[in-house]
Amino acid sequence: MYDAPNLAESQVTQDNIKISARNVQVFYADTHAIKDVDVDILDKTVTAFIGPSGCGKSTFLRCINRMNDTIDICKVQGDIMLDGQDIYDKRVDPVQLRAKVGMVFQKPNPFPKSIYDNVAYGPRIHGLARTKADLDEIVEKSLRRAALWNEAKDRLDQPGTGLSGGQQQRLCIARAVATAPEVLLMDEPCSALDPIATAQVEELIDELRQEFSVVIVTHSMQQAARVSQKTAFFHLGHLVEYGETGQIFTNPEDERTESYITGRIG
Amino acid sequence: MPLIWLIVIVLAIAVAGYVLGRSRVMAATGGDSRKLHSLPSYYGYNVALKVVLPSFFLLLVWLLVQPVIVNGTVAADIPQSAIPEGSSRDLIMSEVRRTAEGLDNAVAQGIMTEDFATNARSDLNDVTQRLKDAGQIVTAQVTQPILQAAQRYRIMNDTGNLILSLLVILVAAAGAAWSLREMRPEFRARNVVERVVKGVLVAAASVAILTTLGIVLSLVFNTIEFFRLYPAGDFFFGTAWSPSFTGRGGSSELGVLPLLWGTFYISIVALLVAVPVGLFAAIYLSEYASPRVRSFAKPMLEVLAGIPTIVYGLFALLTVGPLLVAVFGKDGLGWMQAGTAVMTAGLVMGVMLIPFVSSLSDDIINAVPQAMRDGSYGLGATKSETIRQVVLPAALPGIVGAILLAASRAIGETMIVVLGAGAAARLSLNPFEAMTTVTAKIVSQLTGDADFASPEALVAFALGMTLFVITLGLNIFALYIVRKYREQYE
Ligand SMILES: Nc1ncnc2c1ncn2[C@@H]1O[C@H](COP(=O)(O)OP(=O)(O)O)[C@@H](O)[C@H]1O
Ligand SMILES: [Mg+2]
């Protein structure tokens, strides 16, 4: 029915858990958006979150780097551990956490700055480069990883907003990568892109897996099948099923999962 | 017939036309509005508009033209002998108008009959006495030529008004009849109404533009007149401002430089106060304040913008000036002679400008998309890093625009300067000395018994023109900046 995961290799070591969530509840004022979610996200793995619109995928994703803190009415309960450390602990600075857990958004949102300054933004803030040469190197490396170097190397001083949609999204990925995060969260990163740009970003995600743990929210089940090793299916705020991507797509345990991937709900 | 009645009648015809026009097309289709080209109400509006627009246009033009014609005719008929020594035709005419008005009121009060008022052979003493009895202001004995002219004036106006009423009602009725004949189902009533709406909007826009044009033209002519009497070089490059008050002689020095310097010095002090405070207030309000704080702090700040500048002037004169003297004056640092100084006016003007800067900047900062902030937070930036490096650069063109707008206000401000900075035109660097600005001098040159043909009075127009050109330049510059940055950021 779906292509077997071709880019993704399915052998992952089970014992390197990067993020572990237990009993997570999220409320927007009175709306209970996430209910009792338990999940273990592995290091150096691409994990896909799938599910119908409004089921809470983005909300849960934003819990992992505490982006929900910027929404006044949002309340998060439960435990989310990053490398065994509770990220909602009072001693954890969300700003530092976000440097470790990068995020790429649904709509490309380059800053109104030059391409170079967009990529250099994170390294400058976190003092990752000691000299200008260091910074140049980080920028080049990040742009190369985002497969944007060849297109952008001659126009580094031009505004990032002048790029095409697909290029902008790759710029945002380069920007996130430049901060040297350990986890990369991507909320429907391809939904505003054309098929060619999508293919480039998917290839990129597979490469990023060498170093990071990647969590990607996607509406496209083909995309989930192509890029991820693990898949989590959300429905109405519940985590219905979580397992090997191949398993979920070929042999789902829950009938809601089956209905969704065969197109009956969603 | 009073004007209000005329207007009411025309409106009544319009309403009747609306109802008739609507029902007429409905009847033509047997009550099925789907067979009409437009919605039924458009047919009604169509009739009403064709009643109202031409008749009100006629009314407006007539009301503007009639007084000119009547005045002219009556004035021309006053014999030269009736104008006393040292008086003029204009003065006699105002006497005539006063008398005519007095007669009107006296008739209205029943002190004299209409016949008596119009009788050319009435006894002058009697008329004067009766007018006085009626409580009308009559400067002196009403003379025969004045009484005659006044009577003529009344008759012409009455006839004019009567013809006007008849014509307006006729035009309204004709409009109704003509447009009702057009009301067939296939008539494109909606398109006509659309065109009329557009026309009305265009007319409104033209009023604004034409007024500006009129202002500029009046300035230009008087400025040219001034430069005929006073050399332009001395005006633009003269470093002294000392108009002579008594003589109409050529002893005045009218150099604009001290005034421009005062204007810029005070404006710069004002902007140094208003820009940082206003901008920081805007950043606090839009980025840090909780909705509750924001909901009362923002209106509070905007109240500042509603305070009349004369009140700020009083504040400068009574509070800020003495306060500064206490610190920097003889008893303090000894830099300041009196309360009126560049510093006093500049500080108070700065306070006045805070809400302009903050309110505009707040709107602009709020318009920066949340996605920008999210992007920055997502990379581990703190709030102030995000504001400094992402939000403010994105909002910069708008903020620059807000600052230049505030600068325009500062340059044009008068009352605070008059009360806070003094009246001495001076080229000095000391901010604790009294100085004055272009606007304050425009006022002082035109108030009092100014002779409008002297360079001392006409210089006000040259000053106004200079100011106009400067603020225009500033605004064009602001637009240019905003455009340039917008291209870069969008
Ligand atoms: N900022 C917010 N304020 C209030 N409710 C929200 C907000 N964001 C999301 N929600 C609600 O939370 C639920 C989950 O939304 P979301 O996580 O965006 O779903 P998904 O990303 O799976 O489409 C929805 O019911 C949505 O209405
Ligand atoms: Mg979403």
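Predicted model: local features only at pLDDT ≥ 70, side-chain atom pairs only at ≥ 80, totals over all residues.
Residues are numbered from 1 along each chain as written, and chains are lettered from A in the order written. Local features need pLDDT of at least 70 and side-chain atom pairs pLDDT 80 or more, while totals for chains, interfaces and linings use all residues; side-chain values use heavy atoms, without hydrogens and water.

Biologist: How many residues of chain B are in contact with chain A?

Modeller: Contact means heavy atoms within 4.5 Å. By that rule 23 residues of chain A take part. Their partners in chain B number 19.

Biologist: How many salt bridges does the rule find across the interface of chain A and chain B?

Modeller: A salt bridge is a side-chain nitrogen of Lys or Arg within 4 Å of a carboxyl oxygen of Asp or Glu. Over all chains the count is 26. Across the interface of chain A and chain B it is zero.

Biologist: Is A:K230 buried or exposed?

Modeller: A:K230 forms a salt bridge with A:E244, with the closest N and O atoms 3.6 Å apart. Buried means under 20% relative accessible area, exposed over 50% and partly exposed in between (1.4 Å probe, protein chains only). A:E244, at 26%, counts as partly exposed. Because its relative accessibility is 9%, A:K230 counts as buried.

Biologist: Which residue forms a salt bridge with B:R294, the closest N and O atoms being 3.3 Å apart?

Modeller: B:R294 is partly exposed, at 25% relative accessibility. A network of salt bridges links B:R294, B:K298, B:E302, B:D362 and B:D363. At 3.3 Å, the partner of B:R294 is B:D362.
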